[in-house]
Amino acid sequence: MSDAAGGLAVEARDVHKRYGAVPALCGVSLEVGKGEFFGLLGPNGAGKTTLISALGGLVRADRGSLAIMGHDVQRDFRLARRAVGIVPQEIVFDPFFTVRETLEIQSGYFGLRRNGAWIDELLERLALQSKAGANMRSLSGGMKRRVMVAQALVHRPPVIVLDEPTAGVDVELRQTLWAFVRGLNAAGHTIVLTTHYLEEAQQLCSRIAMMKDGRIVALGSTASLLAEFSERVLRVKLEKGGLPAPLAAGAALEATGWWRIPIADVAHVEDALRTMREAGAAVASLEVAEPELEEVFVKIMRREEAAAR
Amino acid sequence: MSGFRTLLYKEVLRFWKVSFQTVAAPVLTTLLYLLVFAHALAGHVQAFAGVTYLQFLIPGLAMMAMLQNSFANSSSSLIQSKITGNIVFILLPPFSAGEIFAAYLLASMVRGLVVGTGVFAATVWLIPLPVGNPAWIAAFAIVGCGMLGTMGIIAGVWSEKFDQLAAFQNFLVMPLTFLAGVFYSMHSLPPFWQAVSKLNPFFYAIDGFRYGFFGQSDVSPWASLAFASAAFGALSLLTLHLIRRGYKLRH
């Protein structure tokens, strides 16, 4: 995935950054292969935005190196910046211009003079055609966000970085946006995404890095992280009787009165139910909970907090 | 192909879209200055031989408007972009420091020159001026607007809030313009203040500019051009250095 020479979309080597006395990145190393859909997760203040800003040249690393498609972001800044489109986290816009002017100007910044066809396509795919002539000021937050996505894509960058693109965005737009980004990924673009919606990350990202306090604390394929840190659980609520001893050994009782019984796979559900029936326990309700990234996230963050103590 | 042309175009379009505020208003203000000072001082000041006070005043006021508007253009564009955050759209594309510098500088100069042209267009009907040497006029217009355009970039990059920019403008730019001989000839000052005036680079821009019209000036136009150009050059080097280092732009 990321071992072939020259096959990397993003490469961070031991990146350090401090703001005054406050450390923001403490030796981050990371590789994202071309064509990956990569998730960068972590609590607020973990350093995700600083890392993304360093990729775009908005922040200068104190130590270490960063490269996009093999171009160092400082030495070969022109090639590196052509290779990446960054959608910043904060909604920002230039109130002097219309949507189309904004996109034409952004194209021009990359030396693209006749970019009308691609701008039209972006407007259409982001459902912005009807707003093309509207001033940026008159747009809703969600629409401004879509214009920012279009701005990041005017130069058709092979690497696209989205910093919490769905924060405060309604469900419909979120789905439009993800369908669009998935399409870009299928067309060969590398996607780097940060989000607080872990469900989204689980559905979209093939690989994930978790950050905390300026460090990468977990890195792997989404599937392997789920397998390692989360489990399939049978949740049951009993009408009468207790949970039989063989099951109770590995189970946990939730505050709501539900039992959580870890199971390796769905076939074991039948075994567990039989054990309960034979012991005289009557099941009121049951459900099978699939492994969740949220659980992985919580476990890893708790482990890090414990290690820091 | 580089994005420099688009950045320049965008910076010009930005002020042109609000030209009532950025062009028409300063032209009107300048005319009001002219009206008031002419009425108050016309009988009292004789600056150059054969030149009425009104005539003397016009190039000075025009240059003052050009200097102030060149400064206002780059400084307000940068501080607005920084405060609203849309500066990222300039910082993310593959611009070199030189391209950013040149685009902001040239757009400032365009605004200064447009305002200056507006002042002359509005006054030429009432108070005709001699045009002794258009080359000097053009040279000082360009160097003056360039000097202030660069100062505007420095102020815009350095300021983190509007208050700081206002301080730069009101405590540095305004005193330097008002004390640069817009309203009087330097020779009318006591020797000490004459010496102080000679440290002010704005003085040379105005004095040389006036020479282009009347063929008379307080100091030689060559000396003025040398001083003003040296100030412009030094400020440009400083500005380029700040942008290249990412001072207060790239953290």
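1. A quick word on terms first: a residue is called buried under 20% relative accessible area, exposed over 50% and partly exposed in between, using a 1.4 Å probe and protein chains only. By that rule B:Cys145 is buried, because its relative accessibility is 0%. A:Cys26, at 19%, counts as buried too. No disulfide (a pair of cysteine sulfur atoms within 2.5 Å) turns up over all chains, as the search of the whole structure finds zero.

2. Please keep in mind that this is a predicted model, in which local features need pLDDT of at least 70 and side-chain atom pairs count only at pLDDT 80 or more, while totals for chains, interfaces and linings use all residues. Residues are numbered from 1 along each chain as its sequence is written, chains are lettered from A and ligands numbered from 1 in the order in which they are written, and side-chain values use heavy atoms, with hydrogens and water left out.

3. Now to the interface. Chain B and chain A bury about 2800 Å² between them, with 59% of it on carbon and sulfur atoms; this buried area is the accessible area (1.4 Å probe) lost when the two parts are put together, summed over both. On the chain B side, B:Phe89, B:Leu92 and B:Pro94 lose the most area to chain A, together 27% of what that side buries. Contact (heavy atoms within 4.5 Å) involves 31 residues from chain B and 29 residues from chain A.

4. Three salt bridges cross between chain B and chain A, taking a salt bridge as a side-chain nitrogen of Lys or Arg within 4 Å of a carboxyl oxygen of Asp or Glu. In one salt bridge, the side chains of B:Glu99 and A:Arg78 come together at 3.3 Å, N to O.

5. A:Gln106 is worth a look. This residue sits in helix 3 (residues 99-109) of chain A, helices being DSSP runs of H or I with at least four residues and strands runs of E with at least two, numbered from the N terminus. A:Gln106 is buried, at a relative accessible area of 5%. Beyond its neighbours within four places in sequence, A:Gln106 touches A:Gln151, A:Val154, B:Phe89 and B:Pro93.

6. Finally, helix 8 (residues 222-229) of chain A has A:Thr222, A:Leu225, A:Leu226 and A:Phe229 as its buried residues. They lie on the same side of the helix because they cover an arc of only 100° around the axis, taken from the directions from the helix axis to the C-beta atoms. The face turned away from that buried side carries the exposed A:Ala223, A:Ala227 and A:Glu228.
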